[in-house]
Amino acid sequence: MSKYVETPSPYSHQPQLRQTKSKTLVVGLTGGIGSGKSAASDWFAQQGIDIIDADVIAHEVVAKGSSSLRKIQKKFGNWVLNANGEMDRAAVRTHVFTYPEALIELESITHPAIREAAKLQLAASTSPYIVLSAPLLIEGAEAGLANLCQRILVMDAAVDIQLARASQRDEQSVQKIKAIMVNQLSREERNKHADDVVLNDGNLTDLYLKLEPLHQSYLTLAQQLKFAAD
C-alpha cells in the first residue's frame, strides 16, 4: 500500500483511499523530527491547499480561559497555571513525563478537543483537498486524527539528516533530539502505515520535485471524490 515517491512517473498506479465518507480529500501529513514536515506543508500551502496544523490546534484548545484548560486545572490543580493564567507548559510537560498515567489523563481532555477543532476546520475548508499535519498522527492516533484522513503521507529522512536539521533549526542538543526520537516510531514502522512516502534527503528543490506528482495525484483523487458525491 505504501510507495516511495522519488521522481514523477506516468505509470504510477491509481492510489486508493482509506475511507470515502468525506466529500473532500484529506491527506494526513506526518514524519519524524527533522524530516521536513514544515517544508512540505509550506509547499502545499503555496499551491493553494488549506493546511490544518494539529500543533497549532493543540495550543489553541488550551489557551487562557478555554474550557479545556479549566478541565486540566480542575484535574491537576492550580499549579498548571502560570501567573498570567495561562498553562505552564514546562511544568505540565515535566509532570506527565514523570507520571505516565498523568499523560493519559491529560490527553483524555485535550485529544477530543483537538479532534473537534480539526473537524470544524475541515468543514470550513474550500481548497481542492486538505492537508492535516500532525507529528504524532500514527504513533498514538493523535486525537483520532488519522481516522479523518483518506491518505497518509510520511516525510522520511535518514537519522543523521534528521539530527542535523533539527539541531540547526531549534538549536537543541543532539541528546535532546534523540530523546524526542525515542518517543516516536522508527522510520520503518512509520513507513509501514503510510500510503505515500517521500524520502527527503536532499535540498528543497529536490523535495518540491517529489511533491509535485503527489499534488497532481491528490487533485485527481479529490475530483473523483467530488464526482462520486454528486
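**Inside the fold**

I57, I72, L132 and L145 touch the most other members of the largest nonpolar core, which has 33 residues. Such a core is a set of buried Ala, Val, Leu, Ile, Met, Phe, Trp, Tyr and Cys residues joined through side-chain atoms within 4.5 Å, where buried means under 20% relative accessible area, exposed over 50% and partly exposed in between (1.4 Å probe, protein chains only). Among the elements that give two or more residues to this core are helix 2 (54–60), helix 5 (100–124) and strand 4 (129–133); helices (H or I, at least four residues) and strands (E, at least two) are DSSP runs, numbered from the N terminus. Helix 5 provides the largest share, 7 residues. A second, separate core of 19 residues includes L29, V131, M155 and L221.

Please keep in mind that this is a predicted model: local features need pLDDT of at least 70 and side-chain atom pairs count only at pLDDT 80 or more, while totals for chains, interfaces and linings use all residues. Residues are numbered from 1 along each chain as its sequence is written, and side-chain values use heavy atoms, leaving out hydrogens and water.

Now turn to the aromatic rings, where F44 of helix 1 and Y129 of strand 4 form a pair although they sit 85 residues apart. Their geometry is edge-to-face, 6.3 Å centre to centre with 80° between the planes. Rings of Phe, Tyr and Trp (its six-membered ring) pair if their centres lie within 6.5 Å; planes under 30 degrees apart count as stacked, over 60 as edge-to-face and the rest as tilted. F44 is buried, at 1% relative accessible area, and Y129 is buried at 0%. Ring pairs link W43, F44, Y129, Y208 and Y218 into a cluster.
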